[in-house]
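Subject: Structure handover and notes

Hi there,

Here is the structure I promised to pass on. Please open it next to this email, and my notes follow below.

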Amino acid sequence: MEDRIIVDCIVKDKKPNLFSLVVKNYGGAVYSKAMGIVKDDERAKEATQQTFIRAYQRLSDWHGTSLGPWLLTIVSHVALNLLAKEQRYTQVDVARLELTDEGYSEVREQQLSRMERAISKLSDQDRQIIQLHYYQKKKTDEVAVLTGLSHANVLVRLHRIRERLKKQLSQDDDE
């Protein structure tokens, strides 16, 4: 059965049990995409489950011909959000801080805290770009694929994000 017909039956004819066809048809692809991002079976299963829940809740908003691309977009966002929630944002402005093996220092801890606060003020997508590029060591072309942005857009956004963080940190220094 075509995706459009299945969705129409679920939404218009109020036959939610047909959603199992969507899960059956796309479950493997959604799980594979999640696993490629989170690299962990349990987290991939969680992302897959959340994806199908969100898709079901928003099924009436879908107006395409194939559910595959839509579901893969949803799972990409869900998986990246899972990673972002699990990781602590402690981006360090390397240009301003020299990282050494000296261990704990109160000055360094304050700088890290200031950087963390500055990053927390960024938009969700900007934090996601920072997390992927700096914490997960993804190249900009990989960040582009994972976020759905163009490679050029990722480069521009990274530059603007760094500039905003530098400005925020210099304002903190002036206070």
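A quick definition to begin with: helices (H or I, at least four residues) and strands (E, at least two) are DSSP runs, numbered from the N terminus. Read that way along the sequence, the protein follows the pattern α-α-α-α-α-α-α-α, with eight helices and zero strands.

Two notes on where the values come from. This is a predicted model, in which local features need pLDDT of at least 70 and side-chain atom pairs count only at pLDDT 80 or more, while totals for chains, interfaces and linings use all residues. Residues are numbered from 1 along each chain as its sequence is written, and side-chain values use heavy atoms, with hydrogens and water left out.

**The overall picture**

Of the 175 residues of the protein, 38% count as buried; here buried means under 20% relative accessible area, exposed means over 50%, and partly exposed is in between (1.4 Å probe, protein chains only). A contact below always means heavy atoms within 4.5 Å. Among contacts between residues at least 6 apart in sequence, 61% join residues at least 24 apart.

**How α2 meets α3**

Two packed helices are described by the angle between their axes and the distance between the axes. The axes are lines fitted to C-alpha atoms, for helices over the stretch in contact, and angles run from 0 to 180 degrees between N-to-C directions. For α2 and α3, the axes come within 8 Å and cross at roughly 135°. These two helices are therefore oblique to each other; angles under 35 degrees count as roughly parallel, over 145 as roughly antiparallel, 65 to 115 as roughly perpendicular and the rest as oblique. The α2 and α3 crossing is right-handed, where a crossing is left-handed if the near helix is turned anticlockwise from the far one by less than a right angle, and right-handed if clockwise.

On the α2 side, the residues that meet α3 include F19, V22, Y26 and M35. Their partners in α3 include D41, R43, F52 and Y56. By class, the residues of the contact of α2 with α3 divide into 14 nonpolar, three polar and three charged. For that count, Ala, Val, Leu, Ile, Met, Phe, Trp, Tyr, Cys and Pro are nonpolar, Asp, Glu, Lys and Arg are charged, and the others, Gly among them, are polar.

K39 lies in the loop between α2 and α3, and at 58% relative accessibility K39 counts as exposed. K39 and A79 are 40 residues apart in sequence and 10.0 Å apart in space, C-alpha to C-alpha.

**The aromatic rings**

What links F19, F52 and Y56 into a cluster? Ring pairs do, and the structure holds three aromatic pairs. Rings of Phe, Tyr and Trp (its six-membered ring) pair if their centres lie within 6.5 Å; planes under 30 degrees apart count as stacked, over 60 as edge-to-face and the rest as tilted.

F19 and Y56 form an edge-to-face pair, 5.1 Å centre to centre with 75° between the planes. F19 lies in helix α2 (residues 19-38) and Y56 in helix α3 (residues 41-57), so the pair ties together parts that are 37 residues apart in sequence. F19 is buried, at 9% relative accessible area, whereas Y56 is partly exposed at 38%. The rings of W62 and W70 have their centres 6.4 Å apart and their planes at 40°, so this pair is tilted. W62 is buried at 5%, while W70 is partly exposed at 21%.

**How α6 meets α7**

The axes of helix α6 (residues 124-135) and helix α7 (residues 140-147) come within 10 Å and cross at roughly 140°. That makes α6 oblique to α7, and α6 passes α7 in a right-handed crossing. Q125, Q128, I129, L132 and H133 of α6 make the contact with T140, V143, L146 and T147 of α7. This contact has four nonpolar, five polar and no charged residues.

S76 sits in helix α4 (residues 67-86) and counts as buried at 7% relative accessibility. Leaving out residues up to four places away in sequence, S76 touches K33, I37 and L146.

Q168 is in helix α8 (residues 151-174). With that same exclusion of residues up to four places away in sequence, Q168 touches A118 and K121. Q168 and R117 are 51 residues apart in sequence and 9.5 Å apart in space, C-alpha to C-alpha.
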